[in-house]
Each structure stands twice: as structure tokens, then as C-alpha cells.
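Let's take a friendly walk through a few local features of this protein.

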Amino acid sequence: MSQFQAIDVNEYYDVNTFERIKSFAQDKPTPFVVIDTQIIAKQYDDMVINFPYANIYYAVKANPAPEVLSLLWDKGACFDIASIYELDMVTNLGVTTDRVSYGNTIKKRKDVRAFFERGVRMFASDSEADLRMLAEEAPGARVYVRILTEGTHTADWPLSRKFGCQNEMAYELLVLAKELGLVPYGISFHVGSQQRDIGAWDSAIGKVKGIFERLNDEHGIKLQMINLGGGFPANYLDKTNELAMYAAEITHFLKEDFGDDLPEIILEPGRSLLSNAGVLVSEVVLISKKSHTALERWVFTDVGKFSGLIETMDEAIKFPIYTERQGELDKCVIAGPTCDSADIMYEHYSYGLPTDLAIGDRMYWLTAGAYTTTYSAVCFNGFPPLKDYYL
């Protein structure tokens with residue numbers, strides 16, 4: 001009896017959607033990702049319904065395809081931008097810079113100058129050197145300071161340490177911002193991508209409340225905004241609560257600390273809007289064993305860490321993989337095609353694939369719409385970037 005459970009596509013897509021994707025993908029050479037924009041539209045609408053009081057800034061890094069940006073722009077989204085290149089991507093489509101935030105705390109002076117000259121007026125920061133540079137290159141701009149958060153151990157893809165600063169430093173930076181002629185506008189945090197513990201937002205919002213009160217009481221600085229970041233769930237192998245549950249709890253946390261008169265609330269979803277909309281299609285290149293007595297097969301496919309699946313690093317994100325084979329499942333190591341020993345997606349995690357899986361079969365990686373095309377390397381071992389199609 002197999003210890004593994006076969007992937008049920010119906011848990012991730014309705015039958016018509018998946019069949020439409022499969023039909024579209026049938027004659028195309030692998031690997032590639034197919035993204036259904038109708039699902040993105042629904043995910044965005046669900047975010048608006050569940051957080052009616054929030055401004056949604058799409059995290060462009062999740063997938064900057066024109067088809068995605070145009071759809072979200074038409075729906076009224078704003079955009080969280082991490083580089084001058086992303087700014088070009090959105091403004092080339094007609095996005096106005098009043099709907100843009102420069103959310104990266106690591107930025108070049110010349111880029112800040114360019115953002116400001118093009119009309120961007122909201123910038124993230126988490127250090128004194130960056131803040132002083134902002135005062136010189138973006139005078140009078142609104143600044144929000146990112147704080148460090150706990151709870152990263154409960155997120156599949158943690159984000160703290162590189163970004164953010166301790167509470168006391170955030171407080172001092174916002175005081176300095178006022179002295180430098182900037183507008184101390186708010187606080188941001190990110191509890192980690194694919195965050196399973198909704199309570200992580202409670203802890204972070206409590207910290208923000210303390211900073212708000214101290215700045216008002218001690219310096220007369222009235223912050224106006226809280227950026228709650230992203231972290232909302234996509235539907236991978238390990239299940240999470242529905243978005244409505246996240247929204248209900250986070251709304252409760254906000255009102256508990258700030259009452260009914262909330263400051264401006266910003267959300268920066270990326271994964272939760274895009275992941276469920278995408279299916280990555282790959283082909284089995286080789287199936288082998290490392291010895292005559294080995295109990296597990298190695299399944300090599302034509303997509304790997306360097307061609308879109310970097311989030312399998314440390315086996316963090318566990319993509320559901322569907323195949324059309326119906327054999328009993330047994331444990332496999334799943335690896336990519338490159339001449340790099342790090343190009344192994346799942347080795348320690350017990351992943352089961354059908355025993356009758358064969359070379360040439362297709363593997364459908366579900367919920368792969370976010371952070372696949374953008375993490376795809378250019379020409380490692382000569383492989384081209386991951387191809388993407390939009391329905």
C-alpha cells in the first residue's frame with residue numbers, strides 16, 4: 001500500500017480550467033508556464049472584498065508580465081516597485097506614478113533621483129544612510145520605515161533579517177525623517193511569504209501601535225499609514241487557511257489596537273494573487289537509480305531551480321505535481337536538468353510519483369504562477385528563460 005496520496009487537480013482548479021490549460025499546452029515544447037488571467041482577476045476581487053478598507057499595491061516582483069500588470073492596473077491596483085526596471089515596466093503600460101511605491105530599502109542614489117523626477121513620492125527605508133540620501137534626492141517625500149518581525153519560522157519563505165530594523169531604530173529614523181524635511185508617513189513590515197500563522201500579524205501590529213503612540217506623544221508626529229506587506233496564502237501541498245480567515249483575524253487585530261478609525265492600510269500581495277493562476281509544464285528527461293538495491297528513483301525533469309523553481313531551495317515551497325499516470329506512488333528524488341548538483345528540488349521531502357511514470361511524460365506543477373518566470377535564470381548551461389503564456 002502506498003504511503004503517498006495522488007494529487008487531485010480538483011483541489012486546485014475546476015475541471016474546465018485545468019482542461020483548458022492542458023489543451024492549450026498540448027503541442028508546446030516544455031518547459032513553460034501557463035497562467036489563467038481569469039483566476040488572477042478573481043483573486044484580486046477576493047482581496048478587495050475581504051479588505052475593503054485597504055489599498056492594494058501589487059508586488060511586481062511576483063510576475064511583471066504586461067498581461068498581469070495591465071489587468072491589475074485596469075482593476076484599480078497600485079504597485080509596489082523594487083527597481084528602476086520595474087518602474088519602467090509599469091509606466092510603459094500607462095501606470096501613473098501616484099499609484100507607485102518604491103518599496104525596496106536597498107536602492108541607488110541615481111534611481112531614487114529618477115523615481116522622484118518621474119513623480120514617485122512614497123519610499124521605504126530602514127537605515128540612516130538611506131534616509132539621508134532620500135532627503136537629498138527626494139526632498140519632501142513620504143517615508144515609511146520597515147521593522148523586523150518575528151514569526152519567520154512559520155512562513156514557508158521567510159523574509160526578515162535582510163530587510164527592516166529594530167523598533168527603536170525605526171522610531172529614531174522617523175524622528176530624523178521629520179528633521180530632514182521628509183514626511184514621516186508610516187511603518188511597514190512583512191511577516192514572511194506564505195505565512196501560516198495568522199497571529200504573526202497580531203504581534204507586528206502591536207509593535208506598530210507602540211511606535212505610533214511614542215512618536216505622537218514625544219514628538220507630535222502623527223503617522224498616517226501601516227503597510228502590512230504580503231504573506232497571504234497560495235494553495236500548495238501544505239494547506240493554509242482561506243483568505244477570508246486571514247482578513248477577519250487581521251481586521252480584528254487592527255481594530256483591537258487602533259479602533260474603528262484606522263490609519264491608511266496598504267497590502268502588498270504577490271504570491272496570493274498569482275500562484276494559483278499558473279501551471280508549469282515540464283517533461284521527464286530521465287528516470288534512474290543510484291544502485292541496484294536503491295529504494296528510490298531519481299526523476300530528472302527539464303525544469304529546475306535555475307529555470308523557475310528556486311523556491312524549492314531547502315524544499316521550502318512544495319508544489320503539487322500532477323501526472324496523467326495512474327500507477328501506485330512511490331518515493332522519488334526530483335531534480336532538474338543542469339550540470340549543477342544543487343539543482344535538486346525534492347530529496348529529503350518524501351515526494352511520491354507514479355511507478356509507471358516514464359521518460360517523455362509530462363509533469364504539471366500546480367500553483368506556479370508567481371516567482372517562477374522572475375526567478376528563471378538566463379542561459380545557465382545555455383537554457384533559455386522559462387517561457388510563459390497567458391490565457
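You will find D314 in the loop between β13 (297-301) and β14 (321-322). This is a predicted model, so please read every value here as computed from predicted coordinates. Although D314 is not a glycine, its phi is positive, at about 60°.

E315 is found in the loop between β13 and β14 too. Its phi is also positive, near 55°, and E315 is likewise a residue other than glycine.

## A cis peptide bond

Which form does the peptide bond from T30 to P31 take, cis or trans? That bond is cis, and its omega is near 0°. For context, most peptide bonds are trans. To find the spot, look in the loop between α1 (15-25) and β1 (32-35), where P31 sits.

Next, move to helix α6, which covers residues 128-137. Its buried residues are D130, L131, M133, L134, A135 and E137.

The N-terminal end of α6 has a cap, and the capping residue is S127. One of the side-chain oxygens of S127 lies 3.3 Å from the backbone nitrogen of D130. D130 is itself among the buried residues of this helix.

## How α6 meets α7

The axes of α6 and α7 are 10 Å apart, and the two helices pack at an angle of about 20°. α6 is therefore roughly parallel to α7, since angles under 35 degrees fall in that class. The crossing of α6 past α7 is right-handed.

Which residues meet here? From α6 come E128, L131 and R132, and from α7 come L173, L176 and A177. By type, the residues of this contact divide into four nonpolar, two charged and no polar. L131 takes part in the contact and is also one of the buried residues of α6.

N276 lies in the loop between α10 (271-274) and β12 (278-288). N276 counts as buried because its relative accessibility is 14%, and the buried class covers values under 20%. Beyond its neighbours within four places in sequence, N276 is in contact with Y13, I39, Q43, A234, N235 and T367. With N235 you can look at a particular atom pair: a polar atom of the N276 side chain lies 3.0 Å from the backbone nitrogen of N235.

G76 belongs to another loop, between α3 (66-74) and β3 (78-81). How accessible is G76? At 38% relative accessibility, G76 counts as partly exposed. Setting aside neighbours within four places in sequence, G76 is in contact with Y44 and R99. G76 and Y44 are 32 residues apart along the chain, and their C-alpha atoms are separated by 10.0 Å.

How values were computed: Residues are numbered from 1 along each chain as its sequence is written. This is a predicted model: local features need pLDDT of at least 70, side-chain atom pairs count only at pLDDT 80 or more; totals for chains, interfaces and linings use all residues. Side-chain values use heavy atoms; hydrogens and water are left out. Buried means under 20% relative accessible area, exposed over 50%, partly exposed in between (1.4 Å probe, protein chains only). Helices (H or I, at least four residues) and strands (E, at least two) are DSSP runs, numbered from the N terminus. A polar contact is a pair of N or O atoms within 3.5 Å; within protein, one must be able to donate a hydrogen and the other to accept it, and residues adjacent in sequence count only if both atoms are side-chain atoms. Axes are lines fitted to C-alpha atoms, for helices over the stretch in contact, and angles run from 0 to 180 degrees between N-to-C directions. Angles under 35 degrees count as roughly parallel, over 145 as roughly antiparallel, 65 to 115 as roughly perpendicular and the rest as oblique. A crossing is left-handed if the near helix is turned anticlockwise from the far one by less than a right angle, and right-handed if clockwise. Contact means heavy atoms within 4.5 Å. Ala, Val, Leu, Ile, Met, Phe, Trp, Tyr, Cys and Pro count as nonpolar, Asp, Glu, Lys and Arg as charged, and the others, Gly among them, as polar.
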